[in-house]
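The account below starts with the terms it needs and then turns to the model.

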Amino acid sequence: MERTLIKELEKYIGKEVTISGWVDVRRDHGKLVFLDIRDRSGKIQVIFPSANTTAGANAKTTRPEWVVTVRGIVKERPENMRKEELNGNIELDGFHVEILAEAEVPFELGSELNLDTYLDHLPYTVRSQKARDVFVIQATIIEAFRASLRRREFVEFQAPALVGGDAEGGAAAFKVDYYYDQQAFLATSPQLYKQIMVGAFERVFTTAKIFRGEKHATTRHLSELVQMDFEMGFIQDHRDIMDALEHTMRDICADVGEKHADIFKRFNLDLPKLPKGKFPTLKLKEAQDLLGVAHEPDLEPEHERHLHEWALREHGSDFVFVTHFPISKRPFYTFEDPDDLGHTRYFDLLFRGLEINSGGQRVHNYDALVERIKQKGLDPAKFAFYLQAFKVGMPPHGGCSTGLERLTARMLELPNIREATLFPRDLNRIDTLLRVDK
Ligand code: AMO
């Protein structure tokens, strides 16, 4: 008999069905055996009337995570026995169990675990309701990012992950041995390629795996992450990019909220707060004056959290832009603001107190770009491939990059970015913990 998904069972009250899935929990009550079965669409309770029957005896051998096919009759549950999480109003009177795979589990799914235990057992713990919720949200974020940009005629492209040099200058790149004794690197950003692609399509976006060998052990740094980047031509200045990003963020929040109200309820969280007007914006100096801190070239994590409090209080916004970072600290491709010399037409977007995006206007003039590369102490010859795009004519352009894991983490208010990363790589872990030999 054909398999029916659990979410469809309500249509089959009084009828015989076959379902397949995992045993979530087994409970034995006298002669009755109860199995909660989970499939991709939901959960249902199946009751085997007697442990003396073959089906009942088979059901009684099962344990959590055993994979089974069950046949039974769908029936409505008594009014006083309805449980929201178990497909509410219906249950199954089971009369046949086929065991597809046995299982042995290290602990109960959904138990409170410390992060390392959770990560060490990811092939199992990823099945928990919480983990599935996180990664369903993440899948929707990517989908919404793509849909939002496609609607505005951005073309998706694939950036290379093996590159000849590091685009970001400051960010440590992982070295790779390449052919003929050449040194290659894992990309730290799709930056140079997205700029090249503006020359072909004007508007492009990508979701790229990137790698950063920064030796940070923090709750917000990973060694491998997904950057959601876009880049667009014919802009006036960085404010066009900020508008395009705000549009994208609003679309993402709307899609996530519309599709996953149930998840926000389970997490006991509100949807991101969006201001009626535009996202609040402060120049770096203004932000520092507001917080009463020194004019350093960047914000500390604590400052970012305080700016969130300000944005919520004054503008009802979980988002706040900070612009005009000093040019000295930004990569060579960053455009200097002619009206605020020494500062960039660049911004960070903070979401619930964490920088989730960075971007701005780029230098598009060939000679100016060569000059900037030299000023940074870099060799223009090493960038000859990229520079071709400028030699053959580039419009004023800009773009930005959102860290998918940081966005997911703040969306669900997860304290550590690793909880928003399916298989996190960091200073201490590549699936299993790295151990330093003594
Ligand atoms: P930046 O280096 O600021 O800018 O990176 C952009 C966004 O990527 C995320 N991110 C990280 N997330 C986790 N762990 C890390 N190690 C890490 N590094 C970066 C953050 C950050 O805001 N090419 C420019 C962007 C541009 O100008 O378009 C760039 O990469 O969310």
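A polar contact is a pair of N or O atoms within 3.5 Å; within protein, one atom must be able to donate a hydrogen and the other to accept it, and residues adjacent in sequence count only if both atoms are side-chain atoms. The model is predicted, so local features need pLDDT of at least 70 and side-chain atom pairs count only at pLDDT 80 or more, while totals for chains, interfaces and linings use all residues. Residues are numbered from 1 along each chain as its sequence is written, and side-chain values use heavy atoms, with hydrogens and water left out.

The side chain of Gln191 has an N or O atom 2.7 Å from a nitrogen atom of the ligand. For Glu214, a side-chain N or O atom is 3.3 Å from a ligand nitrogen. The backbone also takes part: a polar backbone atom of Gly403 is 3.2 Å from an oxygen atom of the ligand. On its own the ligand has 630 Å² of accessible area, and the protein covers 93% of this. Such areas come from the Shrake-Rupley method with a 1.4 Å probe; for residues, only the protein chains shown count as cover.

Helices (H or I, at least four residues) and strands (E, at least two) are DSSP runs, numbered from the N terminus.

His308 lies in helix H9, which covers residues 301-315. Is His308 buried or exposed? Its relative accessible area is 14%, so His308 is buried; the term means under 20%, with exposed over 50% and partly exposed in between (1.4 Å probe, protein chains only). Leaving out residues up to four places away in sequence, His308 touches Ser317, Asp318, Arg352 and Gly353, where contact means heavy atoms within 4.5 Å.

Now for the chain as a whole. The chain has twelve helices and 19 strands, and 50% of its 438 residues count as buried. Among contacts with a separation of 6 or more, 65% are between residues 24 or more positions apart. The C-alpha trace spans about 85 × 55 × 45 Å along its principal axes. The accessible surface comes to about 22000 Å², and carbon and sulfur atoms hold 50% of it.
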